[in-house]
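Here is a friendly tour of one protein model, stop by stop. Please have the sequence and the 3D view open as you read.

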Amino acid sequence: MCIIFFKFDPRPVSKNAYRLILAANRDEFYSRPSKLADFWGNNNEILSGLDMEEGKEGGTWLGISTRGKLAALTNYLQPQLDRQARGRGELVTHFLTTDVDSLSYLKKVSMEGHLYNGFNLIAADLSTAKGDVICYYGNRGEPDPIILMPAIGI
């Protein structure tokens, strides 16, 4: 089972406190080939592991960019997977490599969610001019993305 735990504090009380603490696992299928977390992309701006499973190469389950974009994905364990479905790891990769904000991106994903097997996706814009925004969308739940951590003024 994929699990993500995170604690986000946009204004830590101490200069030694962490703004973000995140722990996640990939999944229970240990034989899936992957690359270890490393920087990639234009100017080495994205840090993530990469899926190397045939047909899903280049997707990822967790990544962060030097521009403050963060995305994390968990899968729903389903009794029957659609083998023709698109690779869920591309959802994280696409978010990290675009200039689209998290809420707009998840609204677009919600329109295409039926093309994927079950997933939960967290997308975040950290340290933006508008403040920090963390959003969630799962294609087996509510039809619209949810803002988990609104920026000041939204």
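What follows is a short briefing on a hairpin, a pocket and several individual residues.

This is a predicted model, in which local features need pLDDT of at least 70 and side-chain atom pairs count only at pLDDT 80 or more, while totals for chains, interfaces and linings use all residues. Residues are numbered from 1 along each chain as its sequence is written, and side-chain values use heavy atoms, with hydrogens and water left out.

- Helices (H or I, at least four residues) and strands (E, at least two) are DSSP runs, numbered from the N terminus.
- Strand β3 (residues 34-40) and strand β4 (residues 46-51) run antiparallel and are joined by 5 bridges; two strands pair if DSSP finds at least two bridges between them.
- Across this pairing, Lys-35 stands opposite Leu-50 in β4.
- The hairpin has 5 residues between its strands, and Gly-41 takes a positive phi near 90 degrees there.
- Asn-43 is found in the loop between β3 and β4.
- Is Asn-43 buried or exposed? Asn-43 counts as exposed because its relative accessibility is 77%, where buried means under 20% relative accessible area, exposed over 50%, and partly exposed in between (1.4 Å probe, protein chains only).
- Asn-43 and Lys-56 are 13 residues apart along the chain, and their C-alpha atoms are separated by 23 Å.

**The second largest pocket**

- The second largest pocket has a volume of about 200 Å³.
- On a 1 Å grid over the protein atoms alone, a pocket is an open set of points where a 1.4 Å probe fits, with protein on both sides within 12 Å along at least five of seven lines, and lining residues have an atom within 4 Å of a point.
- Grid points are joined across faces, edges and corners, and the volume is the space filled by probe spheres set on the points.
- The lining of this pocket has 14 residues, and Ala-37, Leu-47, Ser-48, Leu-62 and Gly-63 lie nearest its centre.
- Two or more lining residues come from each of β2 (20-24), β3, β4 and β5 (62-65).
- Which element gives the most to the lining of the second largest pocket? That is β3, with 4 residues.
- The lining divides into 9 nonpolar, 4 polar and 1 charged residues; Ala, Val, Leu, Ile, Met, Phe, Trp, Tyr, Cys and Pro count as nonpolar, Asp, Glu, Lys and Arg as charged, and the others, Gly among them, as polar.

- Arg-88 lies in the loop between β6 (69-75) and α1 (89-97), and counts as buried because its relative accessibility is 13%.
- The side chains of Arg-88 and Asn-75 are joined by a polar contact of 3.3 Å. A polar contact is a pair of N or O atoms within 3.5 Å; within protein, one must be able to donate a hydrogen and the other to accept it, and residues adjacent in sequence count only if both atoms are side-chain atoms.
- Not counting residues up to four places away in sequence, Arg-88 touches several residues, including Leu-73, Tyr-116, Asn-117 and Phe-119; contact means heavy atoms within 4.5 Å.
- Asn-117 sits in the loop between α2 (102-112) and β7 (119-128), and is buried because its relative accessible area is 9%.
- Beyond four places in sequence, the residues that Asn-117 touches include Asp-82, Arg-88 and Arg-140.

**Arg-86, in the loop between β6 and α1**

- Arg-86 is also placed in the loop between β6 and α1, and counts as partly exposed because its relative accessibility is 35%.
- Leaving aside neighbours within four places in sequence, Arg-86 is in contact with Glu-112, Leu-115 and Tyr-116.

**Residues in the helices**

- Thr-93 is found in helix α1, and is buried because its relative accessible area is 12%.
- A polar atom of the Thr-93 side chain lies 3.0 Å from the backbone oxygen of Gly-58.
- Setting aside neighbours within four places in sequence, Thr-93 is in contact with Trp-40, Gly-58, Gly-59 and Thr-60.
- Tyr-105 has its place in helix α2, and counts as buried because its relative accessibility is 6%.
- Tyr-105 and Ala-123 are 18 residues apart along the chain, and their C-alpha atoms are separated by 8.3 Å.
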